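Please look through the structure below before reading the briefing that follows. The briefing begins with the chain as a whole and then turns to the sheet, the aromatic rings and a few single residues.

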Amino acid sequence: MRYNIDYTCHPKWFKLAKHLLKLYIKQNHNSLFLVKRSYDRIASVYEDTWSSDYWKLSDDMLDRLSPKKGMKALDLFCGTGYVTERITTRTEMSVIGVDISKNILNIAEQKGNENCEYINCEVLDYLKKQPSKSFDIVTCAWGLGYSKPFQVLKEINRVLKDHGKVGVIENTLLTLPEITWAGILSIAEKPEILDNYPQFRFPLSIYGLTIKMLFSGFYIQESWDGRITYYEQSGKEVIQRLRNTSVVAGYEYAINKRFREEFFQRMATILHHRYRQEQGIPINHRYIGLIGIK
Ligand SMILES: C[S@@+](CC[C@H](N)C(=O)[O-])C[C@H]1O[C@@H](n2cnc3c(N)ncnc32)[C@H](O)[C@@H]1O
């Protein structure tokens, strides 16, 4: 039997809308601090979940970007340094990786690659301190949506040399729709559990990011999009995975700590009842990629 929920003009949707409006008016959180805190917490398990699938897609982005020997590169939102290391292999030069999470960078540094230099800094702050026309290539793998994409892209354009290239691979706002919808339904049942709402700026589609890149001064060399589907056998397993990945960052700061366990249990039940098929519960991950040339 499917989980029963009324989508019509039920009072709970009004209650949720009222609560969201209240949060919007009062909003005084620092989302950057909360993203950093979430990544610091999951750093030790970051590479265990989903990362190998993401990395295949990052490799594809690098193939299209095609870093050449001797090029000077910058890897923004570098995380545990996968892309940073791949670039250094290709350019045979040292590469700078920038990330806001110290714990994530500790994992990158433990890999001991002498050609990678990791800098613990917010990307926009870092970019603003760099001289114009100083890099041949810049990469942003799975991180742009946590920052201010338009401002970051404009700064990337400034720090790139003429004809330099940027490679972006990113989640869309519509990634993991099953998880998002189960989360919304769980919150709608009890809006007061919501302390904040996530302020991510993931693009809705490839067109949104294309426009931002064009207005930041890039020509688009190529763009692509795609989807990966995973299956989990139960709602509980989906939540377990979720809690070891960056996806949880949004919920970690949205839901009041006192209600978090209850919320995740409710989400697991909804996921199970709404989406369970013969192969399991499908989790659809949607992404986009772009190569821009200055
Ligand atoms: C999904 S991870 C991607 C890591 C890596 N690029 C990879 O492919 O595995 C996103 C990373 O962006 C970092 N991050 C998010 N917002 C940031 C910001 N404004 N400045 C610097 N790093 C940021 C997080 O700490 C996290 O390590």
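## Briefing on the predicted model

Of the 294 residues of the protein chain, 54% count as buried. The model described here is a predicted one, and its protein chain has 12 helices and 7 strands. The points below are grouped by topic, so that each part can be found in the structure in turn.

**The chain as a whole**

- For a chain with 294 residues, a compact globule would have a radius of gyration near 19 Å, and the protein chain, with 20 Å, agrees with this.
- Taken along the principal axes, the box filled by the C-alpha atoms of the protein chain is roughly 60 × 40 × 35 Å.

- The 7 strands form an open sheet, and reading across it gives the order S3-S2-S1-S4-S5-S7-S6, with mixed pairing.
- At the edges of this sheet are strand S3 (116–120) and strand S6 (219–232), each of which pairs on one side only.
- On average, and with direction ignored, neighbouring strands of this sheet are turned by 15 degrees against each other.
- Strand S1 (residues 73–76) and S2 run parallel and are joined by 4 bridges, and within this part of the sheet Ala73 stands opposite Val95 in S2.
- Strand S5 (residues 160–171) and S7 run antiparallel and are joined by 7 bridges, and here Gly167 stands opposite Ile291 in S7.
- Helix H10 (residues 235–243) packs on the sheet, where it touches S6 and S7, and the direction of H10 makes about 135 degrees with that of S6.

**Strand S2 inside the structure**

- In strand S2 (residues 95–99), 5 of the 5 residues are buried, so this strand is largely enclosed by the rest of the structure.
- Val95, Gly97 and Asp99 point one way from S2, while Ile96 and Val98 point the other way, and all of them are buried.

**Aromatic rings**

- The structure holds 7 aromatic pairs, and one of them is formed by Tyr39 and Tyr146, whose ring centres are 5.6 Å apart and whose planes stand at 85 degrees, so the pair is edge-to-face, a term used when the planes are over 60 degrees apart.
- This pair links distant parts of the chain, since Tyr39 is in helix H2 (residues 31–42) whereas Tyr146 is in the loop between strand S4 (135–141) and helix H7 (149–159), 107 residues apart.
- Tyr39 and Tyr146 are both buried, and together with Tyr46 and Phe202 they form one aromatic cluster.
- Trp142 and Tyr287 also form an aromatic pair that is edge-to-face, with 6.3 Å from centre to centre and 70 degrees between the planes.
- Trp142 lies in the loop between S4 and H7, and Tyr287 lies in strand S7 (residues 281–293), so this pair ties together parts that are 145 residues apart in sequence.
- Trp142 has a relative accessible area of 9% and is therefore buried, as the cut-off for this word is under 20%, and Tyr287, at 12% relative accessibility, counts as buried as well.

**Charges over rings**

- The charged end of Lys72 sits over the ring of Phe135, at 4.7 Å from the centre of that ring.
- The charged end of Arg274 sits over the ring of Tyr275, at 5.6 Å from the centre of that ring.

**Two buried residues in helices**

- Ala254 lies in helix H11 (residues 248–254), and this residue is buried, with a relative accessible area of 3%.
- Ala254 and Ile193 are 61 residues apart in sequence, and in space they are 8.3 Å apart from C-alpha to C-alpha.
- Arg260 is in helix H12 (residues 260–275), and at 15% relative accessibility Arg260 counts as buried.
- When residues up to four places away in sequence are not counted, Arg260 touches Tyr251, Glu252 and Ile255.

Methods:
Residues are numbered from 1 along each chain as its sequence is written. This is a predicted model: local features need pLDDT of at least 70, side-chain atom pairs count only at pLDDT 80 or more; totals for chains, interfaces and linings use all residues. Side-chain values use heavy atoms; hydrogens and water are left out. Rings of Phe, Tyr and Trp (its six-membered ring) pair if their centres lie within 6.5 Å; planes under 30 degrees apart count as stacked, over 60 as edge-to-face and the rest as tilted. Buried means under 20% relative accessible area, exposed over 50%, partly exposed in between (1.4 Å probe, protein chains only). A charge sits over a ring if NZ of Lys or CZ of Arg is within 6 Å of the ring centre and within 35 degrees of the ring normal. Contact means heavy atoms within 4.5 Å. Two strands pair if DSSP finds at least two bridges between them. Axes are lines fitted to C-alpha atoms, for helices over the stretch in contact, and angles run from 0 to 180 degrees between N-to-C directions. The radius of gyration is taken over C-alpha atoms; the globule rule is 2.2 Å times the number of residues to the power 0.38.
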